[in-house]
Amino acid sequence: MNEALLRSLTPNVLGILVRRGADFAAAEDAVQDALIEAVRVWPADPPRDAKGWLVTVAWRKFLDATRADTARRRREDLVDEEQAPGPAPSADDTLQLYFLCAHPSLTPSSAVALTLRAVGGLTTRQIAQAYLVPEATMAQRISRAKRTVSDVRFDQPGDVATVLRVLYLVFNEGYSGDVDLAAEAIRLTRQLAAVIDHPEVAGLLALMLLHHARRAARTAPDGSLVPLAEQDRGRWDTTLIAEGVEILQAALARDRLGEFQAQAAVAALHADAPTAEETDWVQIVEWYDELAGLTDNPVVRLNRAVAVGEADGPRAGLAALAALDDSLPRHTAVAAYLHERDGDLTTAARLYAEAAQKAPNLAERNHLTRQAARLNTRRPR
Amino acid sequence: MAKYLLLKHYRGAPAAVNDVPMDQWTPEEISAHVQYMNDFAARLEKSGEFVDSKALAPEGTFVQYGGEGRPPVTDGPFAETKDLIAGWMIIDVDSYERAVELAGELSAAPGAGGKPIHEWLELRPFYSAPTATECTWK
């Protein structure tokens, strides 16, 4: 049974049902039923046209469910009248589904859950496991999300930016359970990039590929964090890097710069350096300047200060840092690093310890505590 | 999409406004309180924000390694100096503001006289998974 094929067909099939007039929630149920049927039937009797098979079965399931529901008789008549299958413009259907699942009326977590379920074809249990919440909670989250978007007209043009934000959230979630959310986000973004011609979609895909390429090197076997400069570059996935760079260059050539392209450009410069010392920090600072012009996200200015510290020396980095609000997440960690580079180990050790207290996750806290300990053990107590 | 722990204390938190020990409430007041907590959890499950909830017995014991070949040490008689946890609820919400809002609602559970307890709940964020992007030194 080809689960990947099934999942890649899900948004297509769902989109066709909705375009034929099926209510989103009912269509989604029908597609899930069809997927279950496929898992049961296909091993012994594989269809010649997998998508056609799924559309037929899902549509039948939808009609059965609609007919069984007497309260919906009126709509059933409507649906029967409208029924004119024929070949569907599948690209548009899939795209509309992305827009619907990322609709601005949904909260971020609802949009993520609905996207993984309806576009990604994951089961509720898989999504619940990935986000470490009970299945019942996730089921409610998804059904609420479906109710929220049930009134949204399917033919409204959507906002690509909201879709990209949802995929970015999925990518950043890490992974647990039996689903790798980063890989899933890449799969969905690839699919999106195949149906929409938009430089920022390409930019996000490139960004994901470039980060994903370094994943194996980013943590030690014990789960501890390995900083970029210390990563074993031999463990970076050069195929993914090459693909990311190629996608990025094609996007940049279109001269419609956006945040994701600029972020990907920074990632590409890191990926391109044979050693940490050979990193082109001057160009990285330039990309952060571009980014700062595109967004007022303070994280960008913080990362820029790090890059300035590498390009022009720690004093310049500290000067850039001084202009920023010191309550920013990771501000203290950056200050600690720059003070260490500047040779002020006492201040650096104190700031590393302080930064550890404010770390947003365990891996970073342990990393920063280790930095503080490393400097403290060098000095007499 | 961040998880928070709502900690309910028997002791250790600042005193509640409606600070009457539960054994001095009427049975109806206790039922109303329990019902409020159950309804709150059920509502969060429906909104997709519920993760877990448990109540703890009031008596706890501090335990310490006693050394090679010795039994663990327990502290028994000094219970009155301790912070005691009554129970917890774990929520998974979109923002810190939402977590504060929900903790406020939970603190309004009815107590003596059917009036809100106004107890102090401790709100603690869970460490999240490291994000892949965002940070240059990854």
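The model is predicted, so local features need pLDDT of at least 70 and side-chain atom pairs pLDDT 80 or more, while totals for chains, interfaces and linings use all residues. Residues are numbered from 1 along each chain as its sequence is written, chains are lettered from A and ligands numbered from 1 in written order, and side-chain values use heavy atoms, without hydrogens and water.

Over all chains there are 4 aromatic pairs. Rings of Phe, Tyr and Trp (its six-membered ring) pair if their centres lie within 6.5 Å; planes under 30 degrees apart count as stacked, over 60 as edge-to-face and the rest as tilted. Two of the pairs are listed here.

| Pair | Type | Centre to centre | Angle between planes |
|---|---|---|---|
| Trp42(A) and Trp53(A) | edge-to-face | 5.3 Å | 75° |
| Trp59(A) and Phe62(A) | tilted | 5.2 Å | 35° |

Trp42(A) is buried because its relative accessibility is 7%, and Trp53(A) is partly exposed because its value is 21%. Buried means under 20% relative accessible area, exposed over 50%, and partly exposed in between (1.4 Å probe, protein chains only). Trp59(A) and Phe62(A) are both buried. They are 3 residues apart in helix 3 of chain A, so about one helical turn separates them. Helices are DSSP runs (H or I, at least four residues), numbered from the N terminus.

Elsewhere, Arg214(A) lies over the face of Trp236(A), 5.5 Å from the ring centre.

Methods:
Helices (H or I, at least four residues) and strands (E, at least two) are DSSP runs, numbered from the N terminus. A charge sits over a ring if NZ of Lys or CZ of Arg is within 6 Å of the ring centre and within 35 degrees of the ring normal.
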